[in-house]
Amino acid sequence: LGVPPTLVRHVHGVTKAYTTRVGGGAFPTEQENDVGKLLRDRGHEYGVTTGRPRRCGWLDMVALRYSALVNGYTSLAVTKLDILDVFDEIKIGVAYVDETSGDKLLGVPSQQAVLENIRVEYITLPGWNRSICDCRTFDSLPETAQAYIKKVEELVEVPVQWVGVGADRKSTIQLF
């Protein structure tokens with residue numbers, strides 16, 4: 001037995017407000033610097049079993065758009081927005097640029113090797129520099145945090161239905 005695809009009306013995607021990866025391989029938006037370390041420490045991005053640190057970086061919109069496309073998301077949950085509370089500026093990777101040809105890649109390349117020779121094109125948004133852990137409605141978020149979520153919606157072309165602002169179950173804001 002199974003579930004016929006015609007009965008599935010909603011497909012909810014889930015993403016962190018930044019990107020993480022475990023193990024080797026290409027990770028275009030990885031921050032191998034103080035930004036990556038701060039994301040890792042604030043987000044407790046360590047393996048549960050091994051304790052190994054996860055690789056952390058800015059939100060990779062190219063990968064998120066691809067995920068939304070192949071999975072048909074009808075809405076999105078953005079978790080761990082509070083991890084970004086301390087940044088003056090927050091970046092989102094919006095395109096890959098092939099270093100060899102100079103071509104802008106708006107999608108995920110079909111060959112993994114291409115990712116070894118790209119640079120990421122970012123947009124930069126202002127941070128909010130205050131804790132959002134006690135916010136329980138979208139309107140109670142700082143305007144710059146609201147703008148970040150709206151920019152994610154605009155870029156991925158999927159509405160954000162939930163925003164996580166802390167570890168507590170009550171720390172999930174439902175937008176619709």
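**Entry 1: strand E5 and its partners**

I began with strand E1 (residues 12-16), which runs parallel to E5 and is joined to it by five bridges. I took helices (H or I, at least four residues) and strands (E, at least two) as DSSP runs numbered from the N terminus, and I counted two strands as paired if DSSP finds at least two bridges between them. His 12 is placed opposite Ser 75 of E5. I then looked up strand E9 (residues 160-164), which is also parallel to E5 and is connected to it by three bridges. There, Trp 162 is the bridge partner of Ala 77.

I next checked the burial of E5, with buried meaning under 20% relative accessible area, exposed over 50% and partly exposed in between (1.4 Å probe, protein chains only). Strand E5 (residues 75-79) has four of its five residues buried, so it is largely enclosed by the rest of the structure.

**Entry 2: basis of the values**

I note that the model is predicted, that local features need pLDDT of at least 70 and side-chain atom pairs pLDDT 80 or more, and that totals for chains, interfaces and linings use all residues. Residues are numbered from 1 along each chain as its sequence is written, and side-chain values use heavy atoms, with hydrogens and water left out.

**Entry 3: the chain as a whole**

I found three helices and 10 strands in the protein chain. Their order from the N terminus is β-β-α-β-β-α-β-β-β-β-α-β-β. The radius of gyration (over C-alpha atoms; the globule rule is 2.2 Å times the number of residues to the power 0.38) is 17 Å, close to the 16 Å that the rule gives for 176 residues, so the chain is as compact as a globular protein of that length. The C-alpha trace spans about 50 × 45 × 35 Å along its principal axes. Of the 176 residues, 41% count as buried.

**Entry 4: salt bridges**

I searched the whole structure for salt bridges (a side-chain nitrogen of Lys or Arg within 4 Å of a carboxyl oxygen of Asp or Glu) and found eight. Arg 55 and Glu 30 form one of them, at 2.8 Å from N to O. This pair links distant parts of the chain, 25 residues apart: Arg 55 is in strand E3 (residues 55-57), and Glu 30 is in the loop between strand E2 (19-21) and helix H1 (34-42). Arg 55 is buried at 17% relative accessibility, and Glu 30 is buried at 19%.

Glu 45 forms a salt bridge with Lys 80, with the closest N and O atoms 3.0 Å apart. Glu 45 lies in the loop between H1 and E3 and Lys 80 in the loop between E5 and E6, 35 residues apart. Glu 45 is buried at 0%, whereas Lys 80 is partly exposed at 26%. I also traced a network of salt bridges that links Lys 16, Glu 45, Arg 54 and Lys 80.

**Entry 5: Asp 85**

I located Asp 85 in the loop between E5 and strand E6 (89-98). Asp 85 is buried yet has no salt bridge, and the nearest side chain of opposite charge, Arg 42, is 4.1 Å away. For charge, Lys and Arg count as positive and Asp and Glu as negative; His and the chain ends are not counted. Beyond neighbours within four places in sequence, its contacts (heavy atoms within 4.5 Å) include Arg 42, Trp 128 and Arg 130.

**Entry 6: cysteines**

I counted zero disulfides, a disulfide being a pair of cysteine sulfur atoms within 2.5 Å. The sulfur of Cys 56 is 17 Å from the closest cysteine sulfur, that of Cys 133, too far for a bond.
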